[in-house]
Amino acid sequence: MLELLQSIIVYSFVFGSIYLLVSLGFSLICGILRIFHLGYGLSFVMAIYLTWMFMTELKLGVTLSIILMILVQFAVGMLIHWGIFQRYLEEEEKLLTLSLLAYLVFAHFANYRYPITAGVHLPTTIMYGALSIGVTTISYQMFIAAITAIFVTLVFVFIFLKTKLGLIMRAVSQNLRGSMLMGVNVGLTYWYAIILSTIPPIICTLTIAPFWSVDPFMGESMLSIAILIAILGGLGNLKGSIVASYAIGFIHSVVSFVYTSRFMGLVALIVTLIMLLVKPEGLCGAEKLW
Amino acid sequence: MVSLEFRRDRIVFRYGDQKYEWVIEPRYWRNPVIGALVLMVLPFLVYQYPNILTMITTANIYAAIAIMLSLQTIGTARLNFGPQFYVGIGGYTAALLNLYFGLNSALTLIVTILVSLLFAFLISPIVLIARGLYFALITLILPLIFLEITFVYGDIFRGESGLSGIAPLLNLGSVSWNYLAYYFLSLAMMLIYLLVVDKTMRSRYGLAMAAINDNEDVARTVGVNVNKYKILSYVIPSVGMGVAGWFIAHTFRTFAGITYLSLDFMVKILLMIIIGGRASIYGSIVGGYFVAFLEEGLRTLGPINYVVFPLTLILCVYMLPEGLWGLYHKRHYRDYYPKLRVRRR
């Protein structure tokens with residue numbers, strides 16, 4: 001019984017942290033731009049397949065490929081913002097469909113170029129071996145991913161609470177018109193938000209790539225995790241995201257340890273649906289960033 | 001008494017003091033009639049190619065779903081992001097009842113209607129409660145939950161491989177006749193949907209729906225029972241989509257959650273109404289045919305078609321801001337037809 005409890009706690013911590021990293025960028029866009037970025041999965045797929053492409057086709061080193069991939073990601077993020085978000089901010093159906101289509105284009109391209117049999121993998125393992133905490137054993141890489149996630153989140157929280165950019169972003173997320181009256185350049189803030197939101201998925205993908213199942217359509221599962229956390233925590237609320245990530249991590253680990261892992265996705269979905277119907281503003285209140 | 005008179009632009013038929021006219025000058029021709037005639041002749045030109053017949057049958061089914069989604073969008077003034085949920089419910093009800101209980105297609109139709117009605121009524125309060133993004137969210141999540149269920153209970157639903165061996169709707173003995181018959185059945189379903197929706201939109205109910213679509217508060221002020229209309233225009237199209245799912249299950253004789261409940265299928269349906277022209281009803285037929293033709297036509301390119309298909313659709317959305325129907329509407333701007341206005345709050 002105690003061993004079970006320990007496993008559940010360790011795994012909810014690890015998976016909660018990873019889910020936090022997965023959902024951070026999505027919540028950010030949701031909070032500041034007030035839209036759903038259904039093409040959010042693009043960042044995850046691109047992080048893996050672009051790095052792999054640079055490594056194998058251009059024969060670049062790992063570090064150089066990653067740097068190049070990050071630059072391309074920024075460019076694509078800006079392109080999506082310029083081509084889709086800015087243009088169709090008021091036409092929700094086009095915005096959602098186009099962003100989903102943008103994801104589908106790249107995912108299918110990755111699948112065409114490197115099907116799952118091509119054995120795409122990233123050599124980003126920082127530390128080999130496994131860590132034993134009591135009776136539970138997890139690999140060091142998982143532990144490092146969790147620690148990285150917490151670190152990145154702390155950096156984001158610091159940005160939002162202590163810097164001027166964060167102040168502006170919180171203002172935009174709370175009251176768009178009021179912040180405009182105060183002289184905020186909203187357009188520029190949106191650009192910053194887009195750039196910032198591509199960083200967590202990249203870091204997440206690079207750290208979890210050695211132990212996560214990597215395939216061209218992994219973006220969809222990542223997107224659904226991000227959507228669930230965003231809803232559960234309150235749309236675009238960072239505080240809520242942190243709570244909700246660990247909640248989802250807890251639900252997943254409880255269901256998979258106590259019952260069977262087949263049901264973990266379903267239970268999380270149903271909990272979120274109940275949340276939507278009972279308390280639609282989420283755990284920490286929607287429509288504000290912090 | 002009875003007289004038949006041919007004039008330059010019209011035929012006039014008189015019976016007693018009744019007078020019937022039929023305008024034959026081309027610019028007064030009713031376009032839906034011509035369209036329906038073209039669609040009726042079309043299969044005879046291509047009857048030797050079963051894959052083309054299947055394609056246009058699929059196009060009819062897509063169009064039927066898109067027409068119902070358009071009606072729902074106009075009536076509730078919100079875009080349903082999970083239209084495939086009801087297709088899935090209809091299809092699975094028909095498939096499961098047929099396979100496990102041996103009900104024939106007429107009985108499964110009745111049960112499908114009842115089950116879709118039940119689900120639609122249970123879920124319909126969200127059109128009143130959910131505001132802005134939350135409506136999009138709830139409707140987006142419902143089919144995902146259903147898809148997850150079909151995976152989790154894979155031994156019943158077979159979400160990944162699909163239920164197969166469902167009883168056919170009819171069997172005329174020869175394969176090519178069957179293809180033709182299925183085409184005409186799907187066409188009939190689509191035209192019935194079109195007729196019903198067209199009549200509704202031109203009636204008092206349609207006016208009330210258009211008023212709700214334009215401005216809900218003003219509509220309430222002038223005495224439209226907004227809640228009733230919104231619930232009705234959520235429930236009835238949902239049942240229509242469920243029937244489309246029943247049709248899919250009995251026509252293709254296989255039904256898989258991964259095909260009809262996934263985000264890909266949702267994107268396809270939404271694109272039909274976007275490319276057709278912002279939820280205009282005739283446009284959604286054009287959109288349905290366009291998407292089906294494009295999907296099938298690109299298949300000749302080989303595996304790269306999965307990349308080209310979304311790319312083409314992105315280009316279409318950019319090039320046609322008002323959709324294909326908008327091209328027509330530009331020249332016939334006096335036809336009033338309510339169209340979609342999505343609101344964010």
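Two residues are taken to be in contact here if their C-beta atoms, placed from the backbone, lie within 7 Å. This is a predicted model, so local features need pLDDT of at least 70 and side-chain atom pairs count only at pLDDT 80 or more, while totals for chains, interfaces and linings use all residues. Residues are numbered from 1 along each chain as its sequence is written, and chains are lettered from A, with ligands numbered from 1, in the order in which they are written.

Let's start with B:Gln84. This residue sits in helix α3 (residues 84-101) of chain B; helices are DSSP runs of H or I with at least four residues, strands are runs of E with at least two, and both are numbered from the N terminus. Leaving out residues up to four places away in sequence, B:Gln84 touches B:Pro143, B:Tyr260, B:Leu261, B:Phe265, B:Met266 and B:Ile269. Is B:Gln84 buried or exposed? B:Gln84 is buried, because 31 other C-beta atoms lie within 10 Å (20 or more make a residue buried, 12 or fewer exposed, and anything in between partly exposed, with C-beta atoms placed from the backbone). B:Ser238 is 154 residues away along the chain, yet the two C-alpha atoms are separated by 9.7 Å.

Now step back to B:Ala77, in the loop between α2 (50-76) and α3 of chain B. B:Ala77 counts as buried too, because it has 26 C-beta neighbours inside 10 Å. From B:Ala77 to B:Gly90 is 13 residues in sequence and 24 Å in space, C-alpha to C-alpha.

For helix packing, look at α9 (residues 204-214) and α11 (residues 226-252) of chain B. Their axes are 10 Å apart and meet at an angle of about 100°, where axes are lines fitted to C-alpha atoms, for helices over the stretch in contact, and angles run from 0 to 180 degrees between N-to-C directions. The two helices are therefore roughly perpendicular (65 to 115 degrees; under 35 is roughly parallel, over 145 roughly antiparallel, and the rest oblique). On the α9(B) side the contact is made by B:Ala208, B:Met209 and B:Ile212, and on the α11(B) side by B:Val226, B:Tyr229, B:Lys230 and B:Ser233.

Chain B also has an open sheet of 3 strands, ordered β1-β2-β3 with antiparallel pairing; strands pair if DSSP finds at least two bridges between them. The edges are β1 (2-6) and β3 (18-23) of chain B, each pairing on one side only. Direction ignored, neighbouring strands are turned by 10° against each other on average. β1(B) joins β2 (residues 10-15) of chain B over 5 bridges, and B:Leu4 has B:Phe13 as its bridge partner in β2(B).

In chain A, β1 (residues 130-133) and β2 (residues 136-139) run antiparallel, joined by 4 bridges. They form a hairpin with 2 residues between the strands, and A:Gly134 in the turn has a positive phi of about 65°. A:Ala130 is bridged to A:Ser139 in β2(A).

Finally, the two chains together. Their contact takes 29 residues from chain B and 29 residues from chain A. On the chain B side, α6 (133-152), α13 (263-277) and α15 (305-319) each supply at least two residues, with the largest share, 11 residues, coming from α6(B). A:Ile18 touches A:Ala145, A:Ala146, A:Ala149, A:Cys204 and A:Ile208, not counting residues up to four places away in sequence.
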